[in-house]
Amino acid sequence: MAEFSVPSASLVETQKTGLTRWWKKLRGGSQREESTLVAERDLVAWPEDRLDQVAPPVDWSLAVDAFDERIAQWLDVDVEDSKISQKIVFLIGPPHSGRNQTLTGWAERRELSIWPTPDPETVWRADSAWLERPQDNQRPWVLPELQRCFFRHADGLTLVRGFLDMALSGKLGRGVIGCDSWAWAYLQHIWHFRQPATLSLAALDAADLAVLFGDSQARDNGQPIVFKQSDSGRCVIAPPSDLSSAGESCTDYLKSLAATSRGNVGIASAIWRMSLRRSPEGKVDEEKTANRREFTSVWVRPLRDLELPEPPGKPNRDVAFILHALLLHDGLSFDLLEQLLPLSPSRISETLVQLESDRLLQQSDEDTWRVSPTGYLYVREFLHQQGYLVDSF
Amino acid sequence: MGDEETIDEPVKDMGRLFQDFSQVHVVQIILIVIVAVLVIRVSQNLLPWLADRLPTRWRQPTLVLVPILRLIAIALGFILIVPRVVDPTFENLITLFGAVGLALGFAFKDYASSLIAGIVALYEMPYRPGDWIEVDGTYGEVANIGARTVDIVTPDDTVVFIPHLKLWTNLIHNANNGGPNLMCVAEFFLDARHDAATVKRILYDVALTSPFLQLQQPIVVIVTEKPWGTHYLLRTYPIERRDQFQFLTDLTVRGKDALRKGGFEFTRAGLVPEMN
């Protein structure tokens, strides 16, 4: 985890983005500047079904492969031979980084038992039955979501303390525990860890993103895709050699995206999908190269022109409370927010609705509110500036 | 005639202190005053506006610039105006400052003392804008440091103007001393017959789970035994200094709730002596 570092953007892009944001902040509004390019104004967003073709959702199996390779050695050690400090491995990752999907996918691949996530009642009652180890004593177990095992409430810490006491004293055998980075930062104050073995998903850089997004080139009905930046027409991801001109160089878009998204694959993917544009009225930019090979042009808006979620003014303390609580628990229901925060139900309700309309929050099917992938960047920066505890990612 | 000359001499000497009025650049003086006032006004409005928009950690240093800029503007204005009014020879300046000093010493002693204390306050910084201070039993947030007074806003939203001269003789209690952290202390009074270790743990968790809490600062529970029972002090820091009273309310409400659920009894009314 100490090796984690956020990718850096190019100096010019950092200056442009930084100055633009500060100017907007000082003006106290979120007015967006019109692009001066005619082509930019003419472009429209992709319909959802076509977007899935040109920028498919992240394939987490790649992360499972990487994790499996990294932890293979630990897995092969016999349970009797492992030291207590090596019995538990933590996988820490920020929101939207695919930590849960990675661990769940890995547990299924290795046929390991998954420790069920406790329901809120179990956490409130600190039900000791939940602490009983699942199934096979010799095989490691996996708990993908440690952040669901506590609430930031005087009655909500007993279960996680009891679990960590038992797990880290070796009583529960060997296991892999997944934990959200925000919850992890908070848990350091609840349970004083003695240098646990921790792993984290590495931050993706421009080259990783090129592989991730460029892989979709063959997926637009079998026709290759060339991603071009809308303000310059230059490529964003290097196209295959037969589709590119000699000596053509790509823009710094992916480098900036890696830095903006803090190397977080889920956030980078969400911003990437948000950036993609096409010509209007269903017209697809199909072009031909000199050797008559056809390809589809997908336009990519520069990051500085994107309207990433941001509230109209400086959020107040109640908003900060709600956002921080949601991040510490990796999402909460309305009922739980009401129990955890010293705010009235109507105040919580109206704030949630407002934040949702500002695109900073999203609600899942289980009535759980979460910070949206594209809103996460603003929320993290805002909470950091206000002096709240933030994660290390 | 000879007597007249003798009487007129000091008047002429005094008159020589000042430059010939026709030579005084009245327009320049007016311009200097306008610019100085403008700088002061703009800094008084712009910097607090800017401070509200900057990250919390930059708020305090930005607000501190207000009185410093005002002092610089006044000093520069004074330095620029004096040579335009007075012929700036050593003797003239000594005479002028001596006369002004004498007048201030007798007529405006306290006023002058406050002005000087205001300058000392800028150097020693016993209080800065944004600090929470107590002077003569009045507690509040420093809203503005004027030339003569420091203006504080009390928790019940009353502005109190305190002359800087209090600095010479009174104790100034500064709760955060220019830093972002301000300690809050919640008090609990329990009947003596209970398990103090458990109460200590409960109160620690009450603080740890408050959304107001600055987690980077320590939480301390202090227990003292009194004739009427057990006195608990829960010392913690809020993220935002202005939230100190809501923070104390939150700690008290949730602390009482947690202790009541744990079956602990509070000391009965009338047994606890009034706390200072």
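These notebook entries record what I looked up in the predicted model of chains A and B.

**Conventions.** I number residues from 1 along each chain as its sequence is written, and chains are lettered from A, with ligands numbered from 1, in the order in which they are written. Because the model is predicted, local features need pLDDT of at least 70 and side-chain atom pairs count only at pLDDT 80 or more, whereas totals for chains, interfaces and linings use all residues.

**Confidence.** I looked up pLDDT, the predictor's confidence in each residue from 0 to 100. Its mean over chain A is 83, and 80% of the residues of that chain reach 70 or more. Over residues 28–38 of chain A it stays under 50, and for this stretch the model has 11 contacts beyond four places in sequence. I count two residues as in contact if their C-beta atoms, placed from the backbone, lie within 7 Å.

**Contact between the chains.** I found 20 residues from chain A and 18 residues from chain B in the contact. On the side of chain A that touches chain B, the elements giving two or more residues are α1 (11–27), α8 (181–190) and α12 (317–328). Of these, α12(A) gives the most, with four residues. Helices (H or I, at least four residues) and strands (E, at least two) are DSSP runs, numbered from the N terminus.

**Nonpolar core.** I take such a core as a set of buried Ala, Val, Leu, Ile, Met, Phe, Trp, Tyr and Cys residues joined through C-beta atoms within 7 Å. A residue is buried if 20 or more other C-beta atoms, placed from the backbone, lie within 10 Å of its own. The largest core has 121 residues, and those with the most contacts inside it include Leu209(A), Ile322(A) and Leu203(B). Its largest share, eight residues, comes from α12(A). Leu209(A) touches Leu204(A), Leu254(A), Leu257(A), Ala258(A) and Ala268(A), residues up to four places away in sequence not being counted.

**Helix α5 of chain A.** I list Arg99(A), Thr102(A), Leu103(A), Trp106(A) and Ala107(A) as buried in this helix, residues 99–109. They lie on the same side of α5(A) because they cover an arc of only 125° around the axis, taken from the directions from the helix axis to the C-beta atoms. The buried residues pack against α4 (61–76), β2 (88–93), β3 (113–114), β4 (141–143) and β5 (175–180) of chain A. Glu111(A), which follows α5(A), has a positive phi, near 55°.

**Chain B.** I note eight helices and eight strands in chain B. Of its 276 residues, 22% count as buried.

Methods. Buried ≥ 20, exposed ≤ 12 C-beta atoms within 10 Å, placed from the backbone.
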